[in-house]
Amino acid sequence: MITNRRTFIKVLAGAAAATGARLDVAPALAQAAPVRIGVLAAKAGVTAPVGESGLRGTQFAVDRINAAGGIAGRKIELVVEEESNPKDTVERFRKLALQTKADVITGGISTAVGLAVGPVSEELKALWLAWDATTQKGVEETIPKPRYAFRSVDNEAEAVMASILAARQFKGKIKTVAGINNDYSYGRDNWAAFLAIMKKFGMNVTPVVELWPKLGETNFTSHVAALQQAKPDLVFSSFWSGDAPILMKQAHAAGLTQGTKFVLTTAGGVHESMKKAFTPEGAIMGYNSLYFEAPNASPLLREFSKWHQERFKEWPNYESDHAYFTIVAYKAAVEKASKAAGGKWPTTEQTVEALEGIEVESLSGRRGYRSDHIMEASYYQGVTTHKNRHDFVTIDPVEVMSTKQIQKPSGTGLYDWINSWSV
Amino acid sequence: MLGGVFHAAVLFLVAAGLQLVFGVQKILNLACGSFYALGAYAGVSAVSWALAAGAPPPIFPLVLVGAGLVLALVGPVIERLLRTIYDRDESFQLLLTFALVLMFEDVIRFVWGTAPHQLSSAYLVYGQLRVGGLVIPVYNLVVIAAGGAIAALMGFLLARTRFGRIVRATAENRGMAEAMGVDVSRVYVRVFTLGVALGTVGGALVIPATAAVNEMGIDLIVEAFAVVVIGGLGSMRGAVAGALIVGIMRAVAVATYPEVEMLAIYVVVIAVLVLRPAGLFAKAAA
């Protein structure tokens with residue numbers, strides 16, 4: 001230990017220097033306390049795979065940002081809470097905002113949850129960047145001018161794009177259509193949007209059967225039998241969970257995939273389950289805002305896909321992109337607002353202003369927020385093909401449309417907007 | 001119609017497990033749906049493994065049944081847990097078995113992840129059958145036949161064997177059976193395991209036609225309860241009749257007026273509750 005006076009003094013001086021130094025950096029350390037990002041992610045039930053996908057995109061974004069020094073010099077600390085029913089999720093949102101004192105809260109998949117969390121985010125003045133949740137009641141927006149809530153792309157955007165593609169692809173080839181959609185707002189609105197667009201494009205199609213199985217159904221043998229009886233030329237479905245492959249498997253086993261055309265607006269959410277064994281070529285299938293094999297994939301998407309495949313033995317889907325986007329958009333907004341505030345950490349209000357109209361590089365390309373706090377993104381859909389190296393279908397050619405084309409503009413009604421198209 | 005019977009076959013297996021356990025042990029086992037989900041996931045894994053090991057595809061139903069039976073070994077473990085609440089209020093049963101439902105959902109997520117699991121090509125190994133204008137996958141008929149065979153086997157087991165007599169005696173009067181020298185706790189373990197096996201085999205058998213998803217058990221619990229209410233709690237014949245009624249009602253509703261698909265079932269449930277509160281096949285004593 002300390003053997004003589006001289007060494008003792010040296011140690012003492014060292015300690016004093018260290019203390020001095022520490023005193024010096026104290027304000028800087030306070031400045032560099034981590035940014036707390038609260039995340040609401042579904043972990044159980046039908047939305048669990050979607051929640052998991054969002055968490056993966058979040059983790060990828062946070063790892064990259066932290067490795068590069070954080071947000072304006074502050075590292076990110078994630079606090080994950082579960083998204084479940086609207087009531088409990090609102091409680092967890094309050095906890096993240098008030099107790100955890102999260103700087104921003106991301107996440108939220110279900111629109112029912114979004115409808116509940118949106119007003120609370122406004123009430124608490126807590127910044128909320130939703131992944132997938134909207135604050136729509138049907139196709140109507142319930143919070144047209146939010147201050148603190150930033151919402152996802154409108155629910156019916158994928159149906160709008162798929163319907164435009166269907167009109168282009170099948171004009172003159174179909175007379176009767178059938179719908180099989182989940183019995184809730186998302187399913188019903190997608191089907192209604194499809195019919196409205198068919199009408200707008202002068203397709204002259206008659207709906208012969210409309211089926212409304214509940215969300216989470218795993219047996220469609222009776223529904224498939226009803227489809228067989230109705231003999232539609234085209235079947236439209238907005239299934240997005242495990243029900244999409246089950247429907248196709250049972251439809252295929254009943255011989256329905258021969259001759260009948262399919263439009264699967266959102267099956268890309270479970271794309272690896274859409275096996276070639278039962279998903280036909282020639283169907284229109286939507287991947288929402290991320291297509292893992294996009295021909296124009298950016299180096300960032302390639303890197304993410306590789307990371308995702310190595311870690312989880314799966315190819316990523318769209319929710320990763322929504323989640324990734326919310327984190328990088330927040331980072332960009334804070335840094336922009338901080339610059340404007342002369343290097344100080346911005347207030348929530350300043351961050352909100354910076355978020356409005358922001359555009360950043362996300363996994364799926366450049367995307368941003370509109371001034372009414374709705375997401376903008378590119379959507380990927382196309383015609384299914386078996387010509388690939390996987391055991392599931394992919395799409396070729398890949399169509400890319402911006403939400404500027406397939407999402408109703410701020411302040412307009414969906415059907416008025418569709419009717420205003422010149423086709 | 002056939003779609004309805006197919007659904008009924010699966011529903012019967014789950015409801016039969018529920019009936020058996022309630023009939024004998026007086027336990028309302030919500031976890032019956034979890035055993036179904038567990039069987040489905042294990043079925044996917046077992047068949048994928050068997051096919052990879054070079055087994056000929058047509059034997060896969062045997063692999064499925066085998067997987068279901070092996071999985072029933074969780075029965076004795078769960079039964080040990082349930083022993084703590086045999087003499088307690090029914091609300092404890094519901095709480096404990098519902099806790100099991102949530103725990104099994106987590107176990108499934110931990111072992112198999114959240115993405116849907118499926119056997120993509122097994123469904124059509126036996127080909128399709130053309131009847132009139134309809135195409136029916138032969139495997140659907142295999143499941144219906146298996147459901148029927150298991151129902152017959154259960155009937156035989158309960159009515160004609162020594163084990164069946166002991167089980168029925170225990171169900172009728174536990175104290176008396178015990179006084180007559182029946183080792184009731186052993187009967188309980190066996191009955192519960194049999195109940196679990198009905199669920200796991202049901203889940204395994206249905207999997208080629210569908211996909212295993214986390215929440216599949218919870219949905220089925222609700223329908224299994226509808227079956228039980230219609231058929232009468234604790235009655236095997238009731239389970240068969242209830243499953244057929246629910247399955248066919250749904251198919252008819254979907255074919256004629258899809259909007260009332262779920263409503264139709266509960267209209268029957270309410271009708272039965274009003275007109276015959278104990279169910280169609282309830283025993284006089286119950």
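Two residues are in contact if their C-beta atoms, placed from the backbone, lie within 7 Å. The exercises below use a predicted model, in which local features need pLDDT of at least 70 and side-chain atom pairs count only at pLDDT 80 or more, while totals for chains, interfaces and linings use all residues. Residues are numbered from 1 along each chain as its sequence is written, and chains are lettered from A and ligands numbered from 1 in the order in which they are written.

**Exercise 1. The side of chain B that touches chain A**

Find how many residues of chain B are in contact with chain A, and describe that side of chain B.

Start with the count: 35 residues of chain B are in contact with 37 residues of chain A. Next, look for the elements; helices (H or I, at least four residues) and strands (E, at least two) are DSSP runs, numbered from the N terminus. Those of chain B giving two or more residues to this side are helices H1 (2-25), H5 (90-112), H10 (216-231), H11 (236-256) and H12 (261-275), together with strand E2 (134-137). Finally, sort the residues by class: Ala, Val, Leu, Ile, Met, Phe, Trp, Tyr, Cys and Pro count as nonpolar, Asp, Glu, Lys and Arg as charged, and the others, Gly among them, as polar. This side of chain B has 17 nonpolar, eleven polar and seven charged residues.

**Exercise 2. Hairpins in chain A**

Trace the pairing from E13 (residues 359-362) of chain A to E14 (residues 365-369) of chain A, then on to E15 (residues 375-376) of chain A.

Begin with E13(A) and E14(A), which run antiparallel and are joined by four bridges. They form a hairpin with two residues between them, and A:Glu359 has A:Gly368 in E14(A) as its bridge partner. Then move on: E14(A) pairs with E15(A) over two bridges, again in the antiparallel sense. A:Tyr369 has its bridge partner, A:Met375, in E15(A). To finish, check the five residues between the strands of this hairpin, where A:His373 takes a positive phi near 70°.

Note on methods: Two strands pair if DSSP finds at least two bridges between them.
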